[in-house]
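I opened a new notebook page for this structure. I wanted to look things up one at a time and write down what I found.

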Amino acid sequence: MRFDVLTLFPEMFSGIDASIVKRAAEREIIEIRIHNFRDFSDNKHGRVDDYSYGGGAGLIIGLQAILDCMRSIEGHESAHKILFTPTGNLFTQKKAREFSQKKHLIMLCGHYEGIDFRITDYVDEEVSIGDFVLTGGEIPAMAVIDSVTRLLPGVLGNEESAACESFTDYLLEYPQYTRPEEFEGKKVPEVLLSGNHEKIRQYRRFKALELTYLRRPNLLEKAELTEEDLRFLDMIKRGEEF
Ligand SMILES: C[S@@+](CC[C@H](N)C(=O)[O-])C[C@H]1O[C@@H](n2cnc3c(N)ncnc32)[C@H](O)[C@@H]1O
């Protein structure tokens, strides 16, 4: 899978070359190319931004350099083009799965006060990574590259680790523990040491439902719940323990 990123700050992407993403690139499962669209500016000073029509603080990035840069990318016509903006649709695990099915993503990072709104006619979708405002689209681009890469076949060592993670079934993941069994008086839940796989499965499901109910109850509306889940949820609502 190929990621092409258009940015004014390519140096911010040095952080992406680590861990699982780095390994995926080394194995040629992904390829990341970073483009500085300032290099495509037809302004002799390399300027890419200007004042906002109608007035207001801050500078708006114009279309010329961005589009010339985008059109220089091999395969740009068929690539899926994403614009990062706080006004876009919220990025979710479901969206990450959808993107992981694509062969080629072109991602456009704004900066300053954003990009001339007419850019929306040249992209396939507008994406926000949350209800907060960042300095630029570079961190959102890294978030998308990271979350999409770990869903690609062969990237994670253990295929199961992506299957049970938070948001996969619209549930948060259950709590996990490692050694030692007791740390500063805090014990690992007894059931996890029991070796009883069915009990452990039930406990984890209960805890996933409990965390989701307490922290993100709106997710439960989308989750497919079994009869066992509904029974567990009744217990959780009554404040009962597993
Ligand atoms: C300072 S922001 C511009 C904010 C814009 N004036 C507004 O109020 O919507 C500069 C750039 O950062 C990126 N950005 C900031 N917050 C973001 C978010 N939550 N999700 C995606 N991109 C974001 C976008 O590319 C945006 O063009």
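Before starting on charged pairs I wrote down the term: a salt bridge is a side-chain nitrogen of Lys or Arg within 4 Å of a carboxyl oxygen of Asp or Glu. I also noted that this is a predicted model.

**Entry 1: salt bridges**

I looked up Arg205 and found that it forms a salt bridge with Asp169, with 3.9 Å between the closest N and O atoms. Arg205 is in helix α6 and Asp169 is in the loop between α5 and β8, so this pair ties together parts that lie 36 residues apart in sequence. Asp169 is partly exposed, because its relative accessibility is 41%.

How many salt bridges does a search of the whole structure find? The search finds 14.

I then took up Asp50, which forms a salt bridge with Arg47; the closest N and O atoms are 3.9 Å apart. Asp50 has a relative accessible area of 43%, so I put it down as partly exposed. Arg47 is partly exposed too, at 36% relative accessibility.

**Entry 2: domains**

I looked up the domain assignment, which gives domain 1 as 2-149 and domain 2 as 164-237. The centres of the two domains, taken over C-alpha atoms, are separated by 37 Å.

**Entry 3: the loop between α5 and β8**

I returned to the loop that holds Asp169. Leu171 is placed there as well, between α5 (160-163) and β8 (182-183). Is Leu171 buried or exposed? Leu171 is buried, because its relative accessible area is 6% and the cut-off for buried is under 20%.

I listed the contacts of Leu171, leaving aside neighbours within four places in sequence: Glu165, Ser166, Arg205, Leu209, Thr212, Leu220 and Ala223. Arg205 in that list is also the salt-bridge partner of Asp169. I also checked Leu219, which is 48 residues from Leu171 along the chain, and the C-alpha atoms of the two are separated by 6.7 Å.

Phe167 is in this loop too. Phe167 is not a glycine, yet it has a positive phi of about 80 degrees. With a relative accessible area of 34%, Phe167 is partly exposed.

Which peptide bond did I find to be cis? The cis bond joins Arg179 and Pro180, with omega about 5 degrees. Pro180 is found in the loop between α5 and β8.

**Entry 4: Gln93**

I looked up Gln93, which is in helix α3 (residues 93-100). Gln93 is buried, because its relative accessible area is 19% and buried means under 20%. Leaving aside neighbours within four places in sequence, Gln93 is in contact with Leu151, Ser166 and Phe167.

**Entry 5: helix α8**

I went through helix α8 (residues 227-237) and found that Glu228, Asp229, Phe232, Leu233, Met235 and Ile236 are buried. These residues cover an arc of only 160 degrees around the axis, so they are on the same side of α8. The buried residues of α8 pack against α6 (197-215) and α7 (217-220). What does the face turned away from the buried side carry? That face has the exposed residues Glu227 and Lys237. After α8 comes Gly239, which has a positive phi near 80 degrees.

**Entry 6: Glu184**

I noted another residue that is not a glycine but has a positive phi: Glu184, at about 45 degrees. Glu184 is found in the loop between β8 and β9 (186-187). Its relative accessible area is 68%, so Glu184 is exposed.

**Entry 7: a surface patch**

Last, I looked up a nonpolar surface patch of about 340 Å². Which residues make this patch? Met12, Phe132, Leu134 and Ile139 do. I followed up Ile139, which is in helix α4 (residues 138-149). Ile139 counts as partly exposed, because its relative accessibility is 45%.

Key
Residues numbered from 1 in each chain as written. Predicted model: local features only at pLDDT ≥ 70, side-chain atom pairs only at ≥ 80, totals over all residues. Heavy atoms only, no water. Patch = residues over 30% accessible without salt bridge, like charges linked within 9 Å, V, L, I, M, F, W, Y side chains within 5 Å. Areas by Shrake-Rupley, 256 points an atom, 1.4 Å probe, with all protein chains shown as cover. Helix = DSSP H or I, 4+ residues; strand = E, 2+ residues; numbered from the N terminus. Buried < 20%, exposed > 50% of the residue type's maximum accessible area, 1.4 Å probe, protein only. Domains from an automatic or database assignment. Arc of directions from axis to C-beta. Contact = heavy atoms within 4.5 Å.
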